Amino acid sequence: MTRRVSILGATGSIGQNTIDLIARDPQGYQVEALTGGHNIAQLAVDARRLGAKLAVTAHDDRLGDLRDALAGSGVAAAAGETALIEAAARPADWVMSAIVGAAGLAPGLRALEHGATLALANKESMVCAGALVSATAKAHGGRVLPVDSEHSAVFQALIGEDIDAVERVILTASGGAFRDWPLERLREATPEQAATHPNWDMGQRITIDSASMFNKALEVIETREFFGLSPDKIEVLVHPESLVHALVGFCDGGLMAHVGPADMRHAIGFALHYPERGDVPVERLDLAQVATLSFRAPDEQRWPALRLAREVMAAGGLAGAAFNAAKERSLDRFLAHDIGFTEMAEVVEEVLTRLSGQAGLIDAAMTLDNVARVDHVARKEADRVIRDRT
């Protein structure tokens, strides 16, 4: 049976890996919509190749370029925030949510409101509004499947298990570009150095988030939201080989590990075929060749983002939305060379401190409007913190 699918964030690395899998079975899928950003050429090529009904760029000023690139193809073109929401609302059975940042929340919610299965690679959605995402899925008969490799690994390890028997979940982290740097060098690290990952080929922003461990901090919060675990049951280990994606420990002392190559197509393919397991063209590991798997505890002096994640979970409410917004804005300013690498965590911590004292902000009801409000306030506050530091 042909499945109707949409890919939100089609031109990024997750979107491109999703397209790779779908293109291998063109008779199995009808592509409703593809969305992207400034990479109009790639968006148009993929829309033509997959026979998409609609292609959307997030940028209004690129609509003319997209229409030109799609001329004669029969693929409709649209642009802007409203068009992204409308793309998410198309009648798809399965929607990949791979838009980067908080911008992915509203389209993902709209897909769930139409009863779709949402393959969630946009971790910010659960960090900013996990309870809202889960409630929306439940209210409309939708379903959320994790696509982050760590959460997919946990999800797979829990199939057939009683969540009450889970004693701990261990997320692994590569440690990023600076895992072996002396601490005193980190303050001088440049965006160019931070954007070079030792194991993965990812986008610039997520690679830098890996180096700062903000990416893992978001994943810790996401684990709590996805699986309903108390924060004390969620651990992080540095695992330089990036082959063990997560481990689940049970009350009998046993650990169940998910081991696989550093290839996002596995997690994407699992979500795409769920509840079946489909063939996925990833490398088959030769463990004798791998020989060694190593682990070490993370140094929170090096990666204070992990401590901040636990403080955010303790605060509850909309603290996750403030955390994510401050992180995104601090990363913007690091990329602009306005602040140093280690200052990103310092700025985020100061923003959380300042906003925690504003009555009716972090403790407001979790609605899309309130999440957007906190996001806006936190970004503005991050700019004020940076200005105050100079």
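**Close-up views of a predicted model**

**View 1. Cysteines of the predicted model.** Cys128 counts as buried because its relative accessibility is 2%, where buried means under 20% relative accessible area, exposed over 50% and partly exposed in between (1.4 Å probe, protein chains only). Cys251, by contrast, counts as exposed because its relative accessibility is 57%. A search of the whole structure finds zero disulfides, a disulfide being a pair of cysteine sulfur atoms within 2.5 Å. This is a predicted model, in which local features need pLDDT of at least 70 and side-chain atom pairs count only at pLDDT 80 or more, while totals for chains, interfaces and linings use all residues. Residues are numbered from 1 along each chain as its sequence is written, and side-chain values use heavy atoms, with hydrogens and water left out.

**View 2. The open sheet E9-E8-E10-E11.** Four strands form this open sheet in the order E9-E8-E10-E11, with mixed pairing; strands (E, at least two residues) and helices (H or I, at least four) are DSSP runs numbered from the N terminus, and two strands pair if DSSP finds at least two bridges between them. Strand E9 (234–238) and strand E11 (255–259) stand at the edges with a single partner strand each, so one side of each is left without a neighbour in the sheet. From one strand to the next, the twist averages 20°. Strand E10 (residues 244–250) and E11 run antiparallel and are joined by five bridges, and Val244 stands opposite Val259 in E11.

**View 3. Helices on the sheet.** Helix H7 (residues 149–158) packs on the sheet, touching strand E8 (166–173), E10 and E11, and its direction makes about 40° with that of E10. Contact means heavy atoms within 4.5 Å, and axes are lines fitted to C-alpha atoms, for helices over the stretch in contact, with angles running from 0 to 180 degrees between N-to-C directions. Helix H11 (residues 214–227) lies across E8 and E9, running at about 155° to E8.

**View 4. Helices H11 and H15.** The axes of H11 and helix H15 (residues 319–335) come within 12 Å and cross at roughly 165°. The two helices H11 and H15 are therefore roughly antiparallel to each other, the term for angles over 145 degrees. Phe214, Ala217, Leu218 and Ile221 in H11 meet Phe323, Asn324 and Lys327 in H15.

**View 5. The buried residues of helix H4.** In helix H4 (residues 81–88), Ala83, Leu84, Ile85, Ala87 and Ala88 are buried. The buried residues of H4 pack against several elements, including strand E1 (3–8), strand E2 (29–36) and helix H5 (105–113).

Key: Parallel < 35°, antiparallel > 145°, perpendicular 65-115°, else oblique.
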